[in-house]
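Hi,

Here is the structure I said I'd pass on. Have a look at it first, and then read my notes on the pockets below.

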Amino acid sequence: MSQVKENDTVKVHYTGKLSNGQVFDSSADREPLEVTLGQGMLIPGFEKAIIDMKLNEKKTINIPQTEAYGEVQKELFHEVKKEQLPQDMAPEVGMGLASKNPDGSENQFRVSAVNDDHIIVDGNHPLAGQDLTFDLELVEIK
């Protein structure tokens, strides 16, 4: 029976959960995730877990934050004066924002605090600082 090797293209169904059991993402009601390993498209712990899986194998894995989206980095929190925001914007905690860089790329932020004259935005990935659990099912090796 074939096993997954580095650089294989695979299809995998997954359900991702936080340590409290809350599901944050799942392929259950859609096509499985198709990805070529070794290209940096997956978090390290997810990719490591797929290596050596056999076709139709199911398993549950726990990924520490260091092999997921990393620790929360305090330097990715920034204060933004409300006068710098669009006038029609009413910022709320949890709201997503984007800022354009001179090269045209975008940075994604979430509002983490709203004060009288400024807001605090967080540039960390929403799952940074979280240990994650994934239920995996390998459905195809190409």
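The largest pocket has 14 residues in its lining, and those nearest its centre are Tyr14, Asp25, Leu33, Leu42 and Tyr69. Bear in mind that this is a predicted model. The volume of that pocket comes out at about 230 Å³. Sorted by class, its lining holds 10 nonpolar residues, 3 charged and 1 polar.

I followed up on Leu42, one of the residues nearest the centre of the largest pocket. Leu42 sits in the loop that runs between strand S3 (33-36) and helix H1 (44-50). Is Leu42 buried or exposed? Its relative accessibility is 17%, and buried means under 20%, so Leu42 counts as buried. Leaving aside residues up to four places away in sequence, Leu42 touches Leu33, Val35, Leu37, Glu47 and Ile50. Leu33 from that set is also among the residues nearest the pocket centre. As for Ile141, it is 99 residues from Leu42 in sequence, with 16 Å between their C-alpha atoms.

Now the second largest pocket, which has about 160 Å³ of space. Its lining is made up of His78, Val80, Leu85, Met89, Leu97, Ala98, Ser99, Phe109 and Val121. By class that gives 7 nonpolar and 2 polar residues, with no charged ones. Which strands each supply at least two of the lining residues? They are S5 (77-81) and S6 (96-100), and S6 gives the most, with 3 residues.

Cheers

Technical notes: Residues are numbered from 1 along each chain as its sequence is written. This is a predicted model: local features need pLDDT of at least 70, side-chain atom pairs count only at pLDDT 80 or more; totals for chains, interfaces and linings use all residues. Side-chain values use heavy atoms; hydrogens and water are left out. On a 1 Å grid over the protein atoms alone, a cavity is a set of points where a 1.4 Å probe fits but cannot get out, and a pocket is an open set with protein on both sides within 12 Å along at least five of seven lines; lining residues have an atom within 4 Å of a point. Grid points are joined across faces, edges and corners, and a volume is the space filled by probe spheres set on the points. Ala, Val, Leu, Ile, Met, Phe, Trp, Tyr, Cys and Pro count as nonpolar, Asp, Glu, Lys and Arg as charged, and the others, Gly among them, as polar. Helices (H or I, at least four residues) and strands (E, at least two) are DSSP runs, numbered from the N terminus. Buried means under 20% relative accessible area, exposed over 50%, partly exposed in between (1.4 Å probe, protein chains only). Contact means heavy atoms within 4.5 Å.
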